[in-house]
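Here are my notes on the model, as numbered points. Have it open while you read, and start with the ligand.

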Amino acid sequence: MGDIILDVRNQKTAFVTARGMAQAVDGVSFTLERGRTLGVVGESGSGKSVLSRSIMRLLPSNALVPADSRVILNGRDLTRMTETELRRLRGPEVAIIFQDPMTSLNPVLTIGRQITEVLTFHMGLKRRAARDRAIELLRAVGLPQPDVRVDQYPHQLSGGMRQRVAIAIAIACEPDLLIADEPTTALDVTVQAEILDLLQRMVRDRNMAMILITHDMGVVAGRCDDVAVMYAGRIVEKAPVRDLFHHTRMPYTAALLASIPKITDPPHRKLDAIEGRPPDIINPPPGCPFAPRCLRADAGCDAEKPVLAGTSRHQWACLNPLGEEAPA
Amino acid sequence: MRYLLYRLRRLAIVLGVVTFITFLLVNVLPGDVAYEMAGMDSSEEEVQAIREDLGLDRPVLLRYAEWVGGVFVGDWGTSYINQENVWEAITDRFPVSFELMLLAQIIALSLAIPAGVASAFRPNGRADRIIGSLAFASVSMPSFMTAILLIFIFALGFGWLPATGYEPISEGLWANLRPMILPALSLALVEWTVLMRTLRAEMIAVLQENYIALARAKGMSNMRILLVHALRPSSFSMITLLGLQVARLLGGTIIIEQIFGIPGVGRLLIHAVYTRDFIVIQGCVTFFALAFVTANFLVDIAYAWLDPRVRTGGAHG
Ligand SMILES: Nc1ncnc2c1ncn2[C@@H]1O[C@H](COP(=O)(O)OP(=O)(O)OP(=O)(O)O)[C@@H](O)[C@H]1O
Ligand SMILES: [Mg+2]
C-alpha cells in the first residue's frame, strides 16, 4: 500500500430543498494514494460534483453533512477543522478545477491577479515574484504568450485557454490532491485531449493524486488507474480500470460501458443510451436505486438496498452481479 | 464616436421635450410675472400694458422659439424681477447645489456599500434583517421629514451642527462642510436604501457564481471574496441607479435647500416659481436636464472602469 493522501469515510451530503431532503451523496467511502488517478463516472445528477465539493468542504448553506462523515486529507480530518484552518489548506493541499471554464474565472480581475492572489496568500510571495511565477505557471499549462495573457481579462481568452488558466490556478501551490470536475466537457475534442494530457503529466511529474470526474468512459479507460462508478449518490462499483472493464460486475457499469461512443458515432454523444431515468433523490426507492432500469433485477432488488461488497480490489453493490450465475 | 453622436442626439431630444413642457406648464399657471411687476394694487390696464411691453401677449410657440434661439447663442435671458442674467444666476448658485448632491451621494454610498455587502453575505441572517428594518424606516420617511428630525436632534437638541446657513469654501473646508452635513444627510437617508437593496440583490446573485466558489476553493477569506471578488461585479445596477437618482436628488435639493436656507439653484427656482419669473424657471429646468444627462454620461464612464468587457470591447484576442 502506498502513501494514502485522501481517505473518505461514509460521506453523506443532503440538501434542504422546498420539496424535502435531497440526499445527493449517500455514504461514499474510498481512499486515494499518491501518484494515482481515480476516475469518477456516472450520469448527470449522480452526485459527482457534490462529492467533490464535499471533499473540499465547500458546500452551500443548505447542505447537511452528518457528524460521522469523515474526510481525511494527509492524515488530518477536514471535518473537524475550522474555516480558517480549511482556508490554509485549500490551494496547497487540495485544489479543484470546476466543470465550466466559461464561468469559473472572475470577469473583472486579470488572469494574473487571479493566480497571484493564491501565491501571495499561501506561499507568501511578493508582488513581483508572484507575477513571475504566474507567468511561469501559464507557460507550464501551455498558454501561448503568457507574458501578455497575464494582464488580460477572462473574456479575452477562448474556452480552452480559460481552462488552462483554471488549471494554472489549481496547481499554483502544488497541491497533493487535485480534483478535476469534468475539466473538458465544454471544450472541443482536440482541446479536450490536450487538457487531459496536461493534467496527466502534472500528476505524474508532481507526484500528486487526482480525482478525475467525467461522463466519458473513454477518458477513464485511457487516463485513470482506478474507477468509481456513481449512481444516485452512491458508489456502485469500484475497481482498477482493467478489472472494471474486463470483469464488470454491476449491470449499471455494464450499461455505461456499452454506451462508450464508437469511432463511427457522431461527436458529443452523451451517456443517454441507458433506458429510463435516474431515481428521485428526494424520495428514493427502498431497494436498489438502479433496479427499475436493470435487466437483471428481480423481486429481491426492489426490496433490499445492496451494499458495497467484494474484495478490497474490486467492489460492487449488486444482488445479481454479472459474472455469477443468477440464483435460480 | 458614433456612440457620442447617439448620446448627443438623445440629449437634444430630452432637452427639447423637457423645456417645451415646462414652457407650456408655466404658461397655463394662473397669474403671470406682469402682476408681480406691476405691484399689489395696480389696475388691469397697467398689467396689460406691462404684458404687451414684455411681449407676453404673443403666442406661446413663438415665445418658445425665441427662447430656444437665445439659448443657442448663449443668451439664457434675464430675470424679469431683478434683471439678473439667468445663466450667471444659475452658474453662481450651482456649485452650492452640486456640493450638496455630491455630499449626499457620498454619504448614501458609504452607507449603502457596507450595508449591502453585509446583508448579501448571509441573506435573511441577523445583519440582513437589522439592516433591512433600518432601511425600511429610513426610506419610509420623506427627506423633508428626516430633515426636520435631524435639525431637532442634532441642531436643537445637541447643538452640534447648525440648523441653517451656508459658508463659502473660502471660509475653510470645515466651516463650509459643517452646515452642509445635515442637509446632505437628509437626502442621503432616503437615497441609500435603494442603493443598498440594489447592491444586495445583485451581490446575492453574484455570490452564487462559479468564480466565487473558485475563490473560496483557493482559500481566500470571506472579506476578500466579498470586497475583491464580488463587489465590483455586483455594482453595475447600483451605478446605473446612481445616475438615475440624480433626477430625484435635484428634486430633493429644492426642498432641502429651502429648509436649510442654502443658496443653491433650488432656492432660485422656488423663488422664480413664486414670482412667475418664467425665464428663470425655464433656465433652471434646462440646467437640471443638462446636469441629469451629464451625470448619466459619467455613469457610462464608470461602467467602463468597472467592467473590463466594456473597456476592451469584448472581443477575443
Ligand atoms: N445547492 C443544491 N441544492 C439542492 N440540490 C442540489 C444542490 N446542488 C446539487 N444538488 C442536487 O444534487 C444532485 C447531484 O448533483 P451534482 O451536481 O453532484 O451532479 P453531477 O453528478 O455532478 O452531475 P453533472 O454530471 O451534470 O455535473 C442533483 O440532483 C442536484 O440537483
Ligand atoms: Mg457535476
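1. Let's begin at ligand 1, where one of the ligand's nitrogen atoms sits 3.3 Å from an N or O atom in the side chain of A:N62. Keep in mind throughout that this is a predicted model.

2. Is A:E182 buried or exposed? With 4% relative accessibility, A:E182 counts as buried, because the cut-off for that is under 20%.

3. A:E174 is another non-glycine residue with a positive phi, here about 50°. You'll find A:E174 in the loop between α6 (159-171) and β8 (177-181) of chain A. A:E174 counts as partly exposed, at 42% relative accessibility. The residue also belongs to a network of salt bridges that links A:R133, A:E136, A:E174 and A:R206.

4. On to the other salt bridges. Over all chains, the structure holds 25 of them. In chain A, have a look at A:D197 and A:R223, whose closest N and O atoms are 2.7 Å apart. This pair links distant parts of the chain: A:D197 is in helix α7 (residues 189-206) and A:R223 in helix α8 (residues 217-223), 26 residues apart. A:D197 is partly exposed, with a relative accessible area of 36%.

5. A:D243 and A:R313 form a salt bridge too, at 2.7 Å from N to O. How many residues apart are A:D243 and A:R313? They are 70 residues apart, with A:D243 in helix α9 (residues 241-246) of chain A and A:R313 in the loop between β12 (309-310) and β13 (315-316) of chain A. A:D243 is buried, with a relative accessible area of 13%.

6. Now chain B. The chain has 14 helices and zero strands. Its C-alpha trace spans about 85 × 60 × 35 Å along the principal axes. Of the 317 residues in chain B, 44% are buried. Among contacts in chain B between residues at least 6 apart in sequence, 73% join residues at least 24 apart.

7. A salt bridge within chain B joins B:D307 and B:R309, with the closest N and O atoms 3.0 Å apart.

8. Last, the place where the chains meet. Chain B puts 24 residues into the contact and chain A puts in 32 residues. The area buried between them is about 2,600 Å², and carbon and sulfur atoms give 54% of that. Which residues of chain B lose the most area to chain A? They are B:N210, B:L214 and B:K218, together 23% of what that side buries.

9. As for polar links across the interface, the count is 11 residue pairs in polar contact and two salt bridges. One salt bridge brings B:K218 together with A:E117, at 2.8 Å from N to O. On the chain B side, the elements that give two or more residues are α9 (210-217), α10 (222-234) and α14 (308-311). Helix α9(B) gives the most, with six residues. By type, the residues on that side of chain B divide into 10 nonpolar, eight polar and six charged.

How values were computed:
Residues are numbered from 1 along each chain as its sequence is written. Chains are lettered from A and ligands numbered from 1 in the order in which they are written. This is a predicted model: local features need pLDDT of at least 70, side-chain atom pairs count only at pLDDT 80 or more; totals for chains, interfaces and linings use all residues. Side-chain values use heavy atoms; hydrogens and water are left out. Contact means heavy atoms within 4.5 Å. Buried area is the accessible area (1.4 Å probe) that two parts lose on being put together, summed over both. A salt bridge is a side-chain nitrogen of Lys or Arg within 4 Å of a carboxyl oxygen of Asp or Glu. A polar contact is a pair of N or O atoms within 3.5 Å; within protein, one must be able to donate a hydrogen and the other to accept it, and residues adjacent in sequence count only if both atoms are side-chain atoms. Helices (H or I, at least four residues) and strands (E, at least two) are DSSP runs, numbered from the N terminus. Ala, Val, Leu, Ile, Met, Phe, Trp, Tyr, Cys and Pro count as nonpolar, Asp, Glu, Lys and Arg as charged, and the others, Gly among them, as polar. Buried means under 20% relative accessible area, exposed over 50%, partly exposed in between (1.4 Å probe, protein chains only).
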